[in-house]
Amino acid sequence: MKVVIVGAGSVGCSIARELLSHEHEILLIDPKPEVIGRSGLRGARWLVGDACEISTLREAKLDEADVVVSATGDDKVNLVVSLLAKTEFGVGRTVGRVNNPKNDWMFDDSWGVDVAVNTPRLMTALVEEAVEIGDLVRLLTLQTGVASLVEFTVPSDSHLIGSTVGVVEWPQDATLVAILRDEAPIAPSSDDVIESGDELFFVSTIDAEHGLRTLLSPTKRNRQTD
C-alpha cells in the first residue's frame with residue numbers, strides 16, 4: 001500500500017514507523033529538511049516542500065497514493081491537504097489529524113476527510129481505557145462525524161461474561177467488529193463466548209453509543225443467556 005504522510009513530527013514519524021514495519025511504501029512530506037536526519041526512519045522516501053502547494057503534491061504523485069495522512073500540528077494545513085488530496089488527486093482514503101478539539105466539526109467529507117483523528121481525544125481515551133475498565137471509550141470519529149470506533153473492556157463482574165455474541169441484543173446501529181483477547185485479535189462470530197478482560201471494538205453511529213453504553217454497563221444485571 002502506498003501511503004503519503006504530510007508532517008514529519010513525532011506523530012507523523014510514529015505512524016510512518018508503524019507502517020514501515022508492516023512493509024508499506026511510505027513517502028513523508030515536510031518543509032524542514034533537517035527532520036530527515038533526526039527521524040531515524042529507514043526505508044521511507046522523503047519530499048521537502050509545502051504540502052499546501054499543488055506543485056508539491058504533484059511531485060509526490062499523490063494520484064498514485066492509496067492513503068494520505070495529514071499529521072501536521074496545524075489544523076488548517078491538515079484540512080487543505082485532505083481537500084486537495086480528494087478533489088485534485090482522487091485519493092481513495094484520507095486521514096486528518098485534529099489538533100484543536102474545537103475544530104473537530106470541520107474534519108468531515110466537506111473538507112475531504114474520511115477519518116478524523118483527534119490526538120488529544122485519543123490520548124485521553126487510552127488513559128481512560130487503562131484506568132476505567134467497564135467504560136465505553138470512543139477512539140475515532142469516522143466518515144462525516146455520524147459514526148465512531150469505540151472500545152469496551154469487559155470487567156470481571158460484567159453480565160455479558162459467558163454469553164455468546166449471537167445472543168446479545170446489540171443496538172441496531174452498533175456492530176461488533178473485533179475482539180482483542182490475550183493480545184490476539186479475533187474476528188467475532190455468533191458462537192464466540194465473551195470473557196472477562198475481552199476488549200470489544202464496535203463501529204457505531206454516534207446516536208447508538210448511548211444504547212451501547214447502557215447495554216454494556218456493569219450495573220445492568222439482566223444477563224443474556226442461550
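**Figure 1. Leu41 in the loop between H2 and E3.** In this predicted model, Leu41 is found in the loop that runs between H2 and E3. Leu41 counts as buried, because its relative accessibility of 13% falls under the 20% limit. Leaving aside residues up to four places away in sequence, Leu41 touches Cys13, Ala16, Arg17, Leu20, Leu28 and Trp46. Among these contacts is Cys13; the C-alpha atoms of Leu41 and Cys13 are separated by 7.5 Å, while the two residues are 28 residues apart along the chain.

**Figure 2. The chain as a whole.** The chain contains six helices and eleven strands. It has 226 residues, of which 46% count as buried. Among contacts in the chain with a separation of 6 or more, 56% are accounted for by residues 24 or more positions apart.

**Figure 3. The salt bridge of Lys2 and Glu64.** Side chains of opposite charge can pair when their charged atoms come close. The side chains of Lys2 and Glu64 form a salt bridge, with an N to O distance of 3.6 Å. Lys2 belongs to strand E1 (residues 2-6), whereas Glu64 lies in the loop between helix H3 (54-59) and strand E4 (67-70), so the pair ties together parts that are 62 residues apart in sequence. Lys2 is partly exposed at 32% relative accessibility, and Glu64 is likewise partly exposed, with a relative accessible area of 41%.

**Figure 4. The salt bridge of Glu25 and Arg45.** In the salt bridge between Glu25 and Arg45, the closest N and O atoms are 3.6 Å apart. Each partner lies in a strand, Glu25 in E2 (residues 25-30) and Arg45 in E3 (residues 45-48), so parts of the chain 20 residues apart in sequence are tied together by the pair. Glu25 has a relative accessible area of 37% and is partly exposed; Arg45, with a relative accessible area of 44%, is also partly exposed.

**Figure 5. The salt bridge of Arg181 and Asp198.** The side chains of Arg181 and Asp198 meet in a salt bridge with an N to O distance of 2.7 Å. This pair links distant parts of the chain, 17 residues apart: Arg181 is in strand E9 (residues 174-181), and Asp198 is in the loop between strand E10 (184-186) and strand E11 (199-205). Both Arg181 and Asp198 are buried. Through salt bridges that share partners, Arg181, Glu195 and Asp198 are joined into one network.

Figure 6. Ser148 lies in strand E8, which spans residues 147-153. The relative accessible area of Ser148 is 0%, and the residue is therefore buried. A polar contact of 2.5 Å connects the side chain of Ser148 with the side chain of Glu209. Not counting residues up to four places away in sequence, Ser148 touches Arg138, Leu140, Thr141, Leu142, Phe202, Val203, Ser204, Ile206 and Glu209.

Figure 7. The volume of the second largest pocket is about 200 Å³. Its lining consists of 17 residues, of which Gly7, Ile29, Asp30, Pro31 and Thr72 lie nearest the centre of the pocket. Strand E2 and helix H2 (34-39) each supply at least two residues of this lining. By class, the lining comprises eight nonpolar, four polar and five charged residues.

Figure 8. Most residues other than glycine have a negative phi. Glu23, although not a glycine, has a positive phi of about 65°. Glu23 is found in the loop between helix H1 (10-21) and E2, and is exposed, with a relative accessible area of 75%. Lys61 also has a positive phi, near 55°, in a residue other than glycine. Lys61 is placed in the loop between H3 and E4 and counts as partly exposed at 48% relative accessibility.

Conventions
Residues are numbered from 1 along each chain as its sequence is written. This is a predicted model: local features need pLDDT of at least 70, side-chain atom pairs count only at pLDDT 80 or more; totals for chains, interfaces and linings use all residues. Side-chain values use heavy atoms; hydrogens and water are left out. Helices (H or I, at least four residues) and strands (E, at least two) are DSSP runs, numbered from the N terminus. Buried means under 20% relative accessible area, exposed over 50%, partly exposed in between (1.4 Å probe, protein chains only). A polar contact is a pair of N or O atoms within 3.5 Å; within protein, one must be able to donate a hydrogen and the other to accept it, and residues adjacent in sequence count only if both atoms are side-chain atoms. Contact means heavy atoms within 4.5 Å. A salt bridge is a side-chain nitrogen of Lys or Arg within 4 Å of a carboxyl oxygen of Asp or Glu. On a 1 Å grid over the protein atoms alone, a cavity is a set of points where a 1.4 Å probe fits but cannot get out, and a pocket is an open set with protein on both sides within 12 Å along at least five of seven lines; lining residues have an atom within 4 Å of a point. Grid points are joined across faces, edges and corners, and a volume is the space filled by probe spheres set on the points. Ala, Val, Leu, Ile, Met, Phe, Trp, Tyr, Cys and Pro count as nonpolar, Asp, Glu, Lys and Arg as charged, and the others, Gly among them, as polar.
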